[in-house]
Amino acid sequence: MSLINDILDVLNNKNKKQSELCAYLGINTSTMTNWKNRNTDPPSKYIIPICEFLDVTPYYLLTGKEKGTCDNVPEQELIESYRKLSEFEKGEVLGDIKRRAANAEQVKMPNIQRVYQAARTYNREPIPTVIEADITPLLEAPDATDEY
């Protein structure tokens with residue numbers, strides 16, 4: 001599909017007329033008719049004014065999608081819901097997400113104490129009391145049962 005057809009579709013969806021766009025661009029209606037009949041795109045100097053008239057971004061006009069949208073429905077719902085929040089609420093949500101992401105990263109790391117306990121039970125060998133790894137972040141990280 002050509003750009004001119006996309007422009008005509010957006011015009012139709014927004015209930016605007018080709019003649020209004022032509023007047024806005026300062027061109028004759030025959031110019032747009034020629035673009036349409038020849039299936040050619042308007043010159044680049046008209047893209048921004050066309051987008052301004054249609055109240056769309058150039059990205060949308062060229063791709064049919066708003067920039068920043070995604071095809072993942074839950075993520076898109078999350079983004080749309082986030083945009084409706086106040087700045088303070090956005091900060092709270094962002095902080096909560098960061099805490100949850102940090103917790104998820106900690107869960108992915110092996111619990112060194114549990115690994116050593118399993119090794120001790122399996123081998124029946126004494127385990128050094130000093131653990132080489134720093135497990136402080138594991139001990140201080142909130143877990144799934146903590147309330148935020």
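Which residues does Met32 touch, not counting residues up to four places away in sequence? In this predicted model, Met32 touches Ile4, Leu8, Gln18, Leu21 and Cys22. The legends below begin with the whole chain and then move to close-up views.

**Figure 1. Overview of the protein chain, a predicted model with nine helices and zero strands.** From the N terminus on, the order of elements is α-α-α-α-α-α-α-α-α. The protein chain has 148 residues, of which 20% count as buried. Taking contacts between residues at least 6 apart in sequence, 51% join residues at least 24 apart.

**Figure 2. The largest nonpolar core, with 20 residues.** The members that touch the most other members are Ile7, Leu11, Leu21, Met32, Ile50, Leu54 and Leu61. Two or more residues come from each of α1 (3-13), α2 (18-25), α3 (29-38) and α4 (47-54). Helix α1 gives the most, with six residues. Met32 is one of the core members listed above; beyond its neighbours up to four places away in sequence, Met32 touches Ile4, Leu8, Gln18, Leu21 and Cys22.

**Figure 3. The buried residues of helix α2, namely Leu21, Cys22 and Leu25.** Seen down the axis of α2, these residues fall within an arc of 100°, so they line one face of the helix. In an α-helix there are 3.6 residues a turn, so residues three or four places apart point the same way. The buried residues of α2 pack against α1, α3 and α4. Just after α2, Gly26 has a positive phi of about 75°.

**Figure 4. Cysteines Cys22 and Cys51, both buried.** Cys22 counts as buried because its relative accessibility is 2%, under the 20% cut-off. Cys51 has a relative accessibility of 4% and also counts as buried. A disulfide is a covalent bond between the sulfur atoms of two cysteines. A search of the whole structure finds zero disulfides. Cys22 is among the residues touched by Met32.

**Figure 5. The aromatic pair of Tyr24 and Phe53, one of two aromatic pairs in the count.** A pair of aromatic rings is described by the distance of the centres and the angle of the planes. For Tyr24 and Phe53 the centres are 5.3 Å apart, with 45° between the planes, and the pair is tilted. Tyr24 is in helix α2 and Phe53 in helix α4, 29 residues apart, and the pair links distant parts of the chain. Tyr24 is partly exposed, with a relative accessible area of 43%, whereas Phe53 counts as buried at 13% relative accessibility.

**Figure 6. The aromatic pair of Trp35 and Tyr46, also tilted.** The ring centres of Trp35 and Tyr46 are 5.8 Å apart and the planes are at 55°. Trp35 and Tyr46 are both buried.

**Figure 7. Pro42 in the loop between α3 and α4.** Pro42 counts as buried because its relative accessibility is 7%, below the 20% cut-off. Leaving aside neighbours within four places in sequence, Pro42 is in contact with Leu3, Ile7, Trp35, Ile47 and Ile50. The C-alpha atoms of Pro42 and Ile4 are 7.0 Å apart in space, although the two are 38 residues apart in sequence.

**Figure 8. Ser2, in the segment before α1.** Ser2 counts as buried, with 11% relative accessibility. Its side chain is joined to that of Asn39 by a polar contact of 2.7 Å. Not counting residues up to four places away in sequence, Ser2 touches Asn39 and Asp41.

**Figure 9. Lys90 in helix α7 (residues 87-108).** Is Lys90 buried or exposed? Lys90 counts as buried because its relative accessibility is 16%, under the 20% cut-off. Lys90 touches Tyr82, Arg83 and Leu85, with residues up to four places away in sequence not counted.

Methods: Residues numbered from 1 in each chain as written. Predicted model: local features only at pLDDT ≥ 70, side-chain atom pairs only at ≥ 80, totals over all residues. Heavy atoms only, no water. Core = buried A, V, L, I, M, F, W, Y, C linked by side-chain atoms within 4.5 Å. Buried < 20%, exposed > 50% of the residue type's maximum accessible area, 1.4 Å probe, protein only. Helix = DSSP H or I, 4+ residues; strand = E, 2+ residues; numbered from the N terminus. Contact = heavy atoms within 4.5 Å. Polar contact = N/O pair within 3.5 Å; in protein donor to acceptor, adjacent residues only side chain to side chain. Disulfide = S-S within 2.5 Å. Arc of directions from axis to C-beta. Phe/Tyr/Trp six-rings, centres within 6.5 Å; stacked < 30°, edge-to-face > 60°.
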